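This briefing goes through side-chain interactions, grouped by topic.

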Amino acid sequence: MKTFIPMLLIFLAVAGLCIWDGIFTHQVFKKMEADTSYVYETLQTSEITDEQLQEKIFAINDYWTDKMDLLAVSISRKDMQPVSDYLQYLCASIKNESQEDAITYSRLLKYNVEGLKEMVDFNGLNLL
């Protein structure tokens, strides 16, 4: 009986951490997916020199940088690295004012975010 209470507390702590991590990961990737889709769609119709678009891209970069450390609890940094790389390439295309590069990197960023979201989301395929 003495070991039952500590084991129950450890089980509840681990279960709570797993639930919190799942909710946090889902929220981060939901926001990232929406933001990267917006950037990609906007780049199709407007120029990279648009101030509002540039601010949105830099905001996505800041958001990802802040959240990446917590996501590393359940996702390897190796899997998250392409998202960081394409975000940096996208920021560099703003500095270079290269519309073609911005469209290319925003598409790659969107694709990688969607892939990561699908990989870590809670769904039937991942349970197999």
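**Side-chain contacts in a predicted model**

Asp 69 and Arg 77 form a salt bridge in which the closest N and O atoms are 3.0 Å apart. The model is predicted. The structure holds 6 salt bridges, and the count of aromatic pairs comes to 5.

**Salt bridges**

- Glu 114 forms a salt bridge with Lys 110, with 2.9 Å between the closest N and O atoms.
- Both Glu 114 and Lys 110 belong to helix α4, where they are 4 residues apart, about one turn of the helix.
- Glu 114 is partly exposed because its relative accessible area is 25%, whereas Lys 110, at 12%, counts as buried; the cut-off for buried is under 20%.
- Asp 121 is in a salt bridge with Lys 117, and the closest N and O atoms of this pair are 3.3 Å apart.
- Asp 121 is buried at a relative accessible area of 18%, and Lys 117 is buried as well, at 15%.
- A network of salt bridges links Lys 31, Asp 35 and Lys 56.

**Aromatic pairs**

- By the ring-pair rule the count is 5 aromatic pairs.
- One of them joins Trp 20 and Phe 24: the ring centres are 5.3 Å apart and the planes are at 10 degrees, so the pair is stacked.
- Trp 20 and Phe 24 are 4 residues apart in helix α1, so about one helical turn separates them.
- Trp 20 is partly exposed, with a relative accessible area of 40%, while Phe 24 counts as buried at 10% relative accessibility.
- Tyr 86 and Tyr 105 also form a stacked pair, because their ring centres are 6.4 Å apart and their planes are at 25 degrees.
- This pair links distant parts of the chain, with Tyr 86 in helix α3 (residues 77–96) and Tyr 105 in helix α4 (residues 99–120), 19 residues apart.
- Tyr 105 counts as partly exposed, at 23% relative accessibility.
- Tyr 86 and Tyr 105 belong to a cluster with Tyr 89, linked by ring pairs.

**Charges over rings**

- Lys 31, a member of the salt-bridge network with Asp 35 and Lys 56, has its charged end over the ring of Tyr 63, 5.0 Å from the ring centre.
- The charged end of Arg 107 sits over the ring of Tyr 40, at 5.6 Å from the centre of that ring.

**A buried asparagine**

- Asn 61 is part of helix α2, which covers residues 51–71.
- With a relative accessible area of 12%, Asn 61 is buried.
- Leaving out residues up to four places away in sequence, Asn 61 touches Leu 87, Gln 88 and Cys 91.

**Nonpolar surface patch**

- Met 1, Phe 4, Ile 5, Leu 8, Leu 9, Phe 11 and Leu 12 make a nonpolar surface patch of about 810 Å².
- Met 1 lies in the segment before α1, the helix of residues 4–45.
- Met 1 counts as exposed because its relative accessibility is 78%, the cut-off for exposed being over 50%.

Notes
Residues numbered from 1 in each chain as written. Predicted model: local features only at pLDDT ≥ 70, side-chain atom pairs only at ≥ 80, totals over all residues. Heavy atoms only, no water. Patch = residues over 30% accessible without salt bridge, like charges linked within 9 Å, V, L, I, M, F, W, Y side chains within 5 Å. Areas by Shrake-Rupley, 256 points an atom, 1.4 Å probe, with all protein chains shown as cover. Salt bridge = Lys/Arg side-chain N within 4 Å of Asp/Glu carboxyl O. Helix = DSSP H or I, 4+ residues; strand = E, 2+ residues; numbered from the N terminus. Buried < 20%, exposed > 50% of the residue type's maximum accessible area, 1.4 Å probe, protein only. Phe/Tyr/Trp six-rings, centres within 6.5 Å; stacked < 30°, edge-to-face > 60°. Lys NZ or Arg CZ within 6 Å of the ring centre and 35° of its normal. Contact = heavy atoms within 4.5 Å.
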